[in-house]
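Please open the model in your viewer and keep the sequence panel at hand. The stops below can be selected one after another, with a short account of what is there at each.

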Amino acid sequence: MNDTPTKASYWQAAPMAVIFALFFVVPLVVIVVVSFWSYNQYSITPAFILSNYTDIFHGCFAQLPGLCTTFATYLQTLIFCAEVWALTLVIGFAIAYFLVFEVRSQTMQIVLALVCTIPFWTSNVIRMISWIPLLGRNGLVNQMLLSLGIVHKPLEWLLYSHFSVLLAFVHLNTVFMIVPILNSMARIDRSLIEAAHDSGASGWQTLWNVLVPLSKPGIAIGSIFVITIVMGDYITIGIMGGQQIASVGKVIQVQTNFLQFPLAAANAVVLLACVLGLIWALTRLVDIRKEL
Amino acid sequence: MRTGGDLELFHLTKRYGDTVAVRDLNHLIAPGTYVCLLGPSGCGKSSTLRMIAGHESVSEGAILLDKADISKLPPARRGTAMMFQSYALFPHLSVRDNVAFSLKMKGVAKAERHARVDELLELVDMSRYAARRPDQLSGGQQQRVALARALITQPKVLLLDEPLSALDPFLRIRMRAELKRLQRELGITFIHVTHGQDEALALADEVIVMNNAVIEQAGDPREVFNSPRTEFVARFLGGHNVIRRGARAFAVRSDRIVLRRGGGTEFDAAVCGIEYQGATVHLALKTPADEELSVVLPDRDFFSQPLEIGDTAGVAWAEEDVHVLAN
C-alpha cells in the first residue's frame, strides 16, 4: 500500500510487460534457439549447429552474380514490398489529404475515415477470394472487356499473377497508411498552408515543403506496418498468386509443413533481421519516438 | 492627395451565405500609415484583413493598391504580406529557413537567400537564433521571426492579424513599441487588427472602428477618442459616459466630469464604487435616473475632498466637453 511512486509505476506497467514477455519475447527466444537445433525427417534434436543457416545460403555466394533460390525469393519479396509500399503511400497520402483538408465538417471526416475501415469487418481471406470472380478468366472484368471488344481473348494476367498479388496487397494494406498519415496531418495547423500560400508557394510546393515533411511521422509508422506485413506474408501471395509465386513467408510455411522446424526457424531469424534492418533505416530518416 | 502605395477599399463586401460579414466598405488608406482596425469579435475586421491579404475571396467590390485592382490576384502577387495570429511558423524549419521560405519558393539561389535573411534577422534582432526551431523560441521571439518572414517579400502593405494577443501583457507593451518603430523605419503601411482600444490608440496613425460589418468611425486616434460619432464608438473605446436626454444622447469623457458639493450642477449622483488606481481614482456613480456614470479624478483632487460610498455629489461638465452622438 505504501509503494513509492516508482514502484507503483512498475506495477502499472507489469500487465503489459507480462503479456509482452509471454507472447512475444518467449516465442522469439524459442525460435532463435530452435534455429540452431538439428533435425531429420522424423525428429528434432536439441543441438548447437549452424548448418540450418548455411543451408539457407548454400551456394548463394559462389553463384553470384547469378541468384540462388534464397536470394531470388528475397528479391521477389523485396520487390513486392517496394511496390506495395509506394502504391499504398501515394494512395494513403491522397486519401488522408482529402479527409483532412477537403472534407469540411468533422462529423463527415469521422464518417469517411470509418468507411475506410469497413473492409476490416470481414476476414483477410474472404476479401482476397472476393477478387477471384472479378479477375478470373471468365470473371466480370474479362467479360466486360470482351463484350466491349477491347480484347479478343480473356486476359490471363489478371488473376494468379504478380498483378493480382499486388492488387490484393494494396487493397488490404492501404488503410495501414491512411490512419497514421491522417493522424499526423490532422495536427497540421491550417494557417501554415495559408502562410505558405502567402509566401508564394504553389500547391505542389506547399505539398512538398510543408505537408510531406509534417506528415513524415505518419508516413514512417504506416511504412513500418506495410513493410512488416508484406515481408512476412504468405497467405496473400499464396491465394492471389495461385500458389505459384515464391516469397520468404511462403518458404517458411512450406518448411513448417514438412516439419523442418529448425530450418524454418533459421529462415525466420534471417527474415526478422532483414525487416529490422529496413525499419532501422526508416527510423534513421524520421525520429518516430519524438512524435508519439 | 493620391500618391503611390495607397490602398483603397471600394464597395468591399463579404458574404457567407446569407450573413454579411463586411458590408460595402469604402475607405482610402494613405501610404506609410499605421492603421488599426478596431472592433469587437465578429465585427468584420478579420474578414476585411483576410480579403486584403487574399486568403478570403471578395464577394463584391474591389481592393486597389497603387490604383490597380488586386482583389483577384493570388496572395503573393498583391504586394501585401500577412503576419498570422498564431504566427504560423513552419515547425519543421529553422528560423533561417522560415524567413527564407518565400525566396526559396521563388527559386532564389542559396547564397543570396541567406544574405537577405541575415539582413532581416538583423532588423528584428534575431540573428543569434537563426539555427533554432520555432518550438525553441519564446512567444515574442516567434513573433519577430514571423515579422521577418512577412517582410522578406518586401510588401507595400503589412497585414497583422491580432499580432499581440498571444503575448503576456508585459511583452505586449514592449512588442507594440517595436512594431511602431519598425513601421516608422520601413515607411510602409501596416494594417493591424485588434480588439484592444489601448493598443489601437497607442499605435495608430489612423483608427478604423468597425461594428456589425460596417465602419462606425475612422480617423486620427485623438479625434476618434475625443469626439466619438456614435454611442457604439464611445462605449467601445471606453473612458466615456453616454448620457441620454430624451431622444438625444451625448458623450462626456470620464476624466472631464467634475464633482461638486453644492449647487450649479446638472444633477446629483450617489457614489457606489471607488477604485484607487495610483495616479487616478475611478469612481462609479448612480444617477437618479438609474444611469451608471464613471468618473476619473486625479488622486490629488480626490483626496483633497474625499468621498465615501453612499455620499452624494453634484455632477457637472463644461459645454465644450459634450459630444452629441448620432442615432
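Select L37(B) and I208(B) together: in strand β9 of chain B, I208(B) is the bridge partner of L37(B). This is a predicted model, in which local features need pLDDT of at least 70 and side-chain atom pairs count only at pLDDT 80 or more, while totals for chains, interfaces and linings use all residues. Residues are numbered from 1 along each chain as its sequence is written, and chains are lettered from A and ligands numbered from 1 in the order in which they are written.

Now widen the selection to residues 34-38 of chain B, strand β3, which pairs with β9(B) in the parallel sense over four bridges; helices (H or I, at least four residues) and strands (E, at least two) are DSSP runs numbered from the N terminus, and two strands pair if DSSP finds at least two bridges between them. Staying on I208(B), look next for A218(B), its bridge partner in β10(B). Strand β10(B), residues 214-219, runs antiparallel to β9(B), and five bridges join the two. In the hairpin that they form, two residues lie between the strands, and N212(B) takes a positive phi near 50°.

In chain B, select β11, β12 and β18, three strands that form an open antiparallel sheet in the order β11-β12-β18. Strands β11 (240-245) and β18 (323-324) stand at the edges with a single partner strand each, so one side of each is left without a neighbour in the sheet. Two bridges join β12(B), residues 248-253, to β18(B) in an antiparallel arrangement, and there F250(B) has V324(B) as its bridge partner.

Move on to S294(B), which is found in strand β16 (residues 292-298) of chain B. This serine is partly exposed, with 18 other C-beta atoms within 10 Å. Leaving aside neighbours within four places in sequence, S294(B) is in contact with N241(B), S254(B), H282(B) and A284(B), contact meaning that the C-beta atoms of two residues, placed from the backbone, lie within 7 Å.

Then select Q154(B), in the loop between α4 (139-151) and β7 (157-161) of chain B. Q154(B) has a positive phi of about 50° although it is not a glycine, and it is exposed, with 11 other C-beta atoms within 10 Å. For a stop in chain A, go to Q243(A), in the loop between α12 (235-240) and α13 (248-257). Q243(A) is not a glycine either, yet has a positive phi of about 60°; it is exposed, with 10 other C-beta atoms within 10 Å.

Finally, show both chains: the contact between them takes 16 residues from chain B and 14 residues from chain A. On the side of chain B that touches chain A, the elements giving two or more residues are β6 (80-83) and α2 (95-106), and α2(B) gives the most, with four.

Notes:
Buried ≥ 20, exposed ≤ 12 C-beta atoms within 10 Å, placed from the backbone.
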